[in-house]
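Hi,

Here is the structure I promised to pass on to you. Have a look at it first, and my notes follow below.

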Amino acid sequence: MTLSPKSGIERAQILIEALPYIQRFSGKTLVIKYGGNAMVDERLKQGFARDVVLMKHVGMNPVVVHGGGPQIGEFLQRLGKETRFVEGMRVTDRETMDVVEMVLGGLVNKEIVSLISQHGGKAVGLSGKDGGLIRAKKLVMDRPGNKENLPSEIIDIGHVGEVHTIDPELVALLDTGDFIPVIAPIGVGNDGKTYNINADSVAGKLAITLQAEKLILLTNTPGILDKEGKLLTGLSAKEIDALIADGTIQGGMLPKVRCALDAVNSGVRAAHIIDGRVDHAALLEIFTDRGVGTLIKS
């Protein structure tokens, strides 16, 4: 197919716009939390795999941390096992944890590895249990008392954990070997138990440990919006705090924003909350002047 002169110029301009970003981020680590619609829509899945391979081929070191909540829920439903949530957290007994580990560490993880491999990348699938990568501790939920002065209570939600420590050695070894790590958010505690951990949290802590250039969180929203629905970007920690205080940032966006803030306040150069429903969202955010989501900087 022969390109028209105009079409050829437009394509050249895209490459020229990307060049300084390629130069700036070559050799840098980018931790990407992969989840939401980007994990279930076939077109978006293929596009994400190509994006990650391109990052690697231009000299970056992408590290993928994935979720899998919908896939876990679907599998539990097929088994006839009821799913119960407490304040957005899945109650995870031993049987449910076995399913979580199988779906996250097996089915979902291997599908992502396979997609990246199909597009010319060398991906290695890992659970946080592999090589002592993620040490976890049990997540303790403390429900505060209410207006009737009832005391707070500790809620046991089972095998749900939070990151205690991360050993970066295995990920660093894979990066130097030209591999793309794909990590399931599962860790093991000092008690020997396996814990399911929030993928955003794992991605944020991993970015801090690796002193990544960027933390990128794929979501099902355009990013942080103001009260009129306009996308906000280039936000500082101080501006984020003000948006939380006046109620602009609330609900399900709060944990993601706090994860991003923790990262940039701990040495990660920038965090991005982007819309995974947009084709090639990660590339557009990294390689273009305008981007497609919310940039948070220290």
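Before the helices, a word on handedness: a crossing is called left-handed if the near helix is turned anticlockwise from the far one by less than a right angle, and right-handed if clockwise. Please keep in mind that this is a predicted model.

With that in hand, the crossing of α7 and α8 is left-handed. The axes of α7 (residues 237-245) and α8 come within 11 Å and cross at roughly 160°. Angles over 145 degrees count as roughly antiparallel, and α7 and α8 are therefore roughly antiparallel to each other. On the α7 side, the contact is made by Ala 237, Ile 240, Asp 241 and Ile 244, and on the α8 side by Leu 254, Val 257, Arg 258 and Leu 261. Sorted by class, this contact has six nonpolar, no polar and two charged residues.

Helix α8 (residues 253-264) also has α6 (residues 199-210) beside it: their axes come within 9 Å, with a crossing of roughly 10°. That makes α6 roughly parallel to α8. Here Asp 200, Ser 201, Gly 204, Lys 205 and Ile 208 of α6 meet Lys 256, Cys 259, Asp 262 and Ala 263 of α8. The class count for α6 with α8 is three nonpolar, two polar and four charged residues.

Now to the interior. In soluble globular proteins, nonpolar side chains tend to be buried together. The largest nonpolar core in this model has 43 residues, and Val 31, Leu 215, Ile 224 and Ile 296 have the most contacts inside it.

What does Val 31 touch, leaving out residues up to four places away in sequence? Its contacts include Val 63 and Val 65, as well as Ala 203, Leu 206, Ala 207 and Leu 210. Leu 215 and Ile 216 are also among them.

Is Ile 186 buried or exposed? Ile 186 is buried, because its relative accessible area is 0% and buried means under 20%. Residues up to four places away in sequence aside, Ile 186 touches, among others, Met 97, Val 100, Leu 104, Ile 134, Tyr 195 and Ile 197. Ile 186 and Val 163 are 23 residues apart in sequence, and their C-alpha atoms are 9.4 Å apart in space.

Best wishes

Note on methods:
Residues are numbered from 1 along each chain as its sequence is written. This is a predicted model: local features need pLDDT of at least 70, side-chain atom pairs count only at pLDDT 80 or more; totals for chains, interfaces and linings use all residues. Side-chain values use heavy atoms; hydrogens and water are left out. Axes are lines fitted to C-alpha atoms, for helices over the stretch in contact, and angles run from 0 to 180 degrees between N-to-C directions. Helices (H or I, at least four residues) and strands (E, at least two) are DSSP runs, numbered from the N terminus. Angles under 35 degrees count as roughly parallel, over 145 as roughly antiparallel, 65 to 115 as roughly perpendicular and the rest as oblique. Contact means heavy atoms within 4.5 Å. Ala, Val, Leu, Ile, Met, Phe, Trp, Tyr, Cys and Pro count as nonpolar, Asp, Glu, Lys and Arg as charged, and the others, Gly among them, as polar. A nonpolar core is a set of buried Ala, Val, Leu, Ile, Met, Phe, Trp, Tyr and Cys residues joined through side-chain atoms within 4.5 Å. Buried means under 20% relative accessible area, exposed over 50%, partly exposed in between (1.4 Å probe, protein chains only).
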